[in-house]
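This report looks at pockets and salt bridges in the structure shown below, and begins with one of the pockets.

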Amino acid sequence: MKHKMISKALSHKETLVRHRRFIHENAEIHNDLPITTQYVLSELKAMGYEPEEICQSGIVALAGKRKGKTFLLRADMDALPMVEENTLHFKSNTGHMHACGHDMHTAMLLGAAQLLKEHEDELDGQVKLMFQPAEETLHGAKAMIDAGVLKNPTVDAAMMIHVMSGMPLPSGSVLVPQGGVLSAAADWFNISVQGKGGHGAMPNTTVDPLNVISHIHIGLQEILSREVAPGDNVALTIGQMHGGSTSNVIPDMAYLAGTARTFGEETRSYVKQRIEEIASGVAATYRASAEVVFERGCPSVVVDQKLRDQVYTFASDLVAADRLIDPAAIGFTKMSGSEDFSHVSLEVPSIMVSLAAGSPEENYTFPMHHPKVMFDEEALHVGAALYAHVAMSWLKHNK
Ligand SMILES: [Zn+2]
Ligand SMILES: [Zn+2]
């Protein structure tokens, strides 16, 4: 028998599809989401909420009449700056595309808002709905935290859902990962080496920055091969090296730029520290100097184990056993991409759940961020029910 939350969500299916298609058709990017924001605000108001735009295109609404703990549910609303190549009748008309499924997330959280309103008298605390912009640029969650999304009332735990398409899992499958670091942190760095330029025929009067930067490049490989534990995944990529303009001149400066993807704050700060030490140490060895500019991008999403165990149990009320998946059981433990919900996960116990919305067997063959990717709307009611049921159950079991 279907759980009542699933049946209720199913009864809102047409509305969920309407939300999703409107947002899909009006895809907007970064934190400039005027049409989407207006739509979400007016839908929430129509349900009886008093939503607030706490920063540009960042919306918060509260459900619950009783004091108690606060559970946060997050959906991102931004699309990607790419042109859609689908023939859907609700194809994007803005020149941008919801190729990451954030239109699905927004529709699902609106659906959850409706369900929570219908059960508001039963809530043992409050549910905070967070509709955020600029996930793809990895800025939106942080902007909303700075604007106070985790305060008044203080958030005690948080969940986000991300849909997946083109993966070999039946639509409607729910993936609840184990506790620990889930997604990669992504940071950028630039190294400038100051040498001393001169004539190629008199290298002894110069300090050759090209020689220095080559040794820095080799030195950086040491971090991966000798310093980071074999089981700790780090992707250190040097994607640019520049310097010099002709064959018989030793240039004054040379540059190198790269990215560091790490899992967990400890490795992340270690890699940063070693990039700086190796660059300046090697430069000093060869009589040059190096300046390292390190730009911290986005941290890792960290899943709270206790919350994870509870969410897994709550999800098992809704989905059949063969549709509830522990990603570790299918050999999937970490994602190499980044997700800016990580900022929330550093502040409060959090979990990121994945929801399958179309597999190749079901004719959803394209991967996310592809101009032809499509998402199965049959997953919408599962996502809406999951959001609402997890929040309600968590409040009930954590009074
Ligand atoms: Zn994306
Ligand atoms: Zn996404």
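The second largest pocket is lined by 13 residues, and E52, V60, L62, K128 and N152 are those that lie nearest its centre. A pocket is here, on a 1 Å grid over the protein atoms alone, an open set of points where a 1.4 Å probe fits, with protein on both sides within 12 Å along at least five of seven lines, and lining residues have an atom within 4 Å of a point. Helices (H or I, at least four residues) and strands (E, at least two) are DSSP runs, numbered from the N terminus.

This is a predicted model, in which local features need pLDDT of at least 70 and side-chain atom pairs count only at pLDDT 80 or more, while totals for chains, interfaces and linings use all residues. Residues are numbered from 1 along each chain as its sequence is written, chains are lettered from A and ligands numbered from 1 in the order in which they are written, and side-chain values use heavy atoms, with hydrogens and water left out.

The largest pocket holds about 590 Å³ of space, and of the 26 residues that line this pocket, H162, M164, M335, M352 and M368 are the closest to its centre. The elements that give two or more residues to its lining are β5 (157-164) and β16 (350-356), with the largest share, 3 residues, coming from β5. For the classes, Ala, Val, Leu, Ile, Met, Phe, Trp, Tyr, Cys and Pro count as nonpolar, Asp, Glu, Lys and Arg as charged, and the others, Gly among them, as polar.

| Pocket | Volume | Lining by class |
|---|---|---|
| Largest pocket | about 590 Å³ | 14 nonpolar, 8 polar and 4 charged residues |
| Second largest pocket | about 270 Å³ | 6 nonpolar, 3 polar and 4 charged residues |

Side chains of opposite charge can pair when their charged atoms come close. A search of the whole structure finds 23 salt bridges, a salt bridge being a side-chain nitrogen of Lys or Arg within 4 Å of a carboxyl oxygen of Asp or Glu. One of them joins the side chains of K13 and E378 at 2.9 Å, N to O, and this pair links distant parts of the chain, 365 residues apart, with K13 in helix α2 (residues 13-25) and E378 in the loop between β16 and α10 (380-397). K13 is partly exposed, with a relative accessible area of 26%, and E378 is partly exposed at 41%, where buried means under 20% relative accessible area, exposed over 50%, and partly exposed in between (1.4 Å probe, protein chains only).

The side chains of D121 and K65 also meet in a salt bridge, at 2.8 Å, N to O. D121 is in the loop between α4 (102-118) and β4 (125-132), and K65 is in the loop between β2 and β3 (69-76), 56 residues apart. D121 is exposed at 52%, and K65 is exposed at 59%.

Within helix α7 (residues 265-285), R268 and E265 lie 3 residues apart, about one turn of the helix, and form a salt bridge whose closest N and O atoms are 3.0 Å apart. R268 is buried, with a relative accessible area of 3%, whereas E265 is partly exposed at 30%. Finally, R20, R21, D103 and E377 are linked in a network of salt bridges.

Terms used
Grid points are joined across faces, edges and corners, and a volume is the space filled by probe spheres set on the points.
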